Amino acid sequence: MAAEWEATCRSPESLLALSRLAEAEVEVAALGVSDLGALLGALRRAEGPEERDHAARILQAMLRSQAVHPLVPRAILQALVPGLITVAQRLGWGAGGEWDDGGAFFADLLATAWEVIVAWSGQDRSYAVLDLLSAIRCRLRREAERHRATRRHVALGLDADSTGPPDHSGGITDLDVLARAIETLAGQGLDASDAAVLYGNCVLGLSISELARMTGRSRRHLDGRRHRAAQELCA
């Protein structure tokens, strides 16, 4: 994947994609970069709260205006790879599912990430990276649970499409219960941005420092959002 991106990110199409993105987004134009490879390089080099905040806004802009060229969502996917590795780790690299190995699981994870990115074209999300990772994990977790349920049915000699009561005796962890609670309340009494921070910290397992680097917000700001979300969740 990295090799394919290296061959693509400096191509004429990449230059065209960056040009169109810069026309649509003032902050991208202000960077003064010539292609998507240089754009992602600038995002990775962001240091300090202000630069990280700016990088987060650029990712937000890329998600919002990705329709300007097909390579823009590909650039978003490349930017998400470190976070996707974290998601894979939190999901045990698909252990217990029907994937042959961790590589097959990660390939499915990438495909799911692509689907979510493209489906969210035009959306304006303040916590774009966290929201994307949360949605991707949610989809893969549900798929893994379906795989486990099918295997349990087969082991018990039941039809995989049985309409009997679902078996919740295995495969559901406290982490899954927490994830579902956050997903259910997000936007319904629980502020969506607060929910994203709590999900990133408690479900994805990212530290507040890691969240600060990803979102550009200060650790104090994020810790406040996490605390507020936890209080709302326990109310």
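Visitor: Why does glutamine 78 count as buried?

Guide: This is a predicted model, and in it glutamine 78 has 9% relative accessibility. Buried means under 20%, so at 9% glutamine 78 counts as buried.

Visitor: Where is glutamine 78 found, and what does it touch?

Guide: Glutamine 78 is in helix 6. Leaving out residues up to four places away in sequence, glutamine 78 touches Met1, Ala2, Trp5, Leu40 and Arg44.

Visitor: What makes the pairing of glutamine 78 with arginine 74 a polar contact?

Guide: The side chains of the two residues are joined at 2.9 Å. The cut-off for such an N or O pair is within 3.5 Å, with one atom able to donate a hydrogen and the other to accept it, so the 2.9 Å pair of glutamine 78 and arginine 74 qualifies as a polar contact.

Visitor: How do you know whether threonine 8 is buried or exposed?

Guide: Threonine 8 has a relative accessible area of 16%. The limit for buried is under 20%, so threonine 8 is buried. Threonine 8 sits in helix 1 and touches Ser14 and Leu71, not counting residues up to four places away in sequence.

Visitor: On to the loop between helix 6 and helix 7. Why is alanine 95 called exposed?

Guide: Alanine 95 is found in that loop, with helix 7 spanning 102-119. Its relative accessible area is 51%, and exposed means over 50%, so alanine 95 goes down as exposed.

Visitor: How far apart are alanine 95 and alanine 144, in sequence and in space?

Guide: They are 49 residues apart in sequence and 8.5 Å apart in space, going C-alpha to C-alpha.

Visitor: What makes tryptophan 93 partly exposed?

Guide: Tryptophan 93 has 35% relative accessibility. Buried is under 20%, exposed is over 50%, and partly exposed is what falls in between, so 35% puts tryptophan 93 in the partly exposed class. The place of tryptophan 93 is also in the loop between helix 6 and helix 7.

Visitor: What makes aspartate 35 a cap for helix 4?

Guide: A side-chain oxygen of aspartate 35 lies 3.1 Å from the backbone nitrogen of glycine 37, at the N-terminal end of helix 4. The polar contact limit is within 3.5 Å, so the 3.1 Å pair falls inside it.

Visitor: What lies in and around the largest pocket?

Guide: About 640 Å³ of space lies in the largest pocket. Of the 21 residues that line it, the closest to its centre are Leu43, Ala79, Pro82, Arg213 and Met214. Helix 6 gives the largest share of the lining, 7 residues. By type, the lining residues divide into 14 nonpolar, 3 polar and 4 charged.

Visitor: And how many helices and strands does the protein have?

Guide: It has 12 helices and 0 strands. Of its 235 residues, 44% count as buried. The accessible surface comes to about 11,800 Å², with 52% belonging to carbon and sulfur atoms.

Notes
Residues are numbered from 1 along each chain as its sequence is written. This is a predicted model: local features need pLDDT of at least 70, side-chain atom pairs count only at pLDDT 80 or more; totals for chains, interfaces and linings use all residues. Side-chain values use heavy atoms; hydrogens and water are left out. Helices (H or I, at least four residues) and strands (E, at least two) are DSSP runs, numbered from the N terminus. On a 1 Å grid over the protein atoms alone, a cavity is a set of points where a 1.4 Å probe fits but cannot get out, and a pocket is an open set with protein on both sides within 12 Å along at least five of seven lines; lining residues have an atom within 4 Å of a point. Grid points are joined across faces, edges and corners, and a volume is the space filled by probe spheres set on the points. Ala, Val, Leu, Ile, Met, Phe, Trp, Tyr, Cys and Pro count as nonpolar, Asp, Glu, Lys and Arg as charged, and the others, Gly among them, as polar. Buried means under 20% relative accessible area, exposed over 50%, partly exposed in between (1.4 Å probe, protein chains only). Accessible areas come from the Shrake-Rupley method with a 1.4 Å probe; for residues, only the protein chains shown count as cover. Contact means heavy atoms within 4.5 Å.
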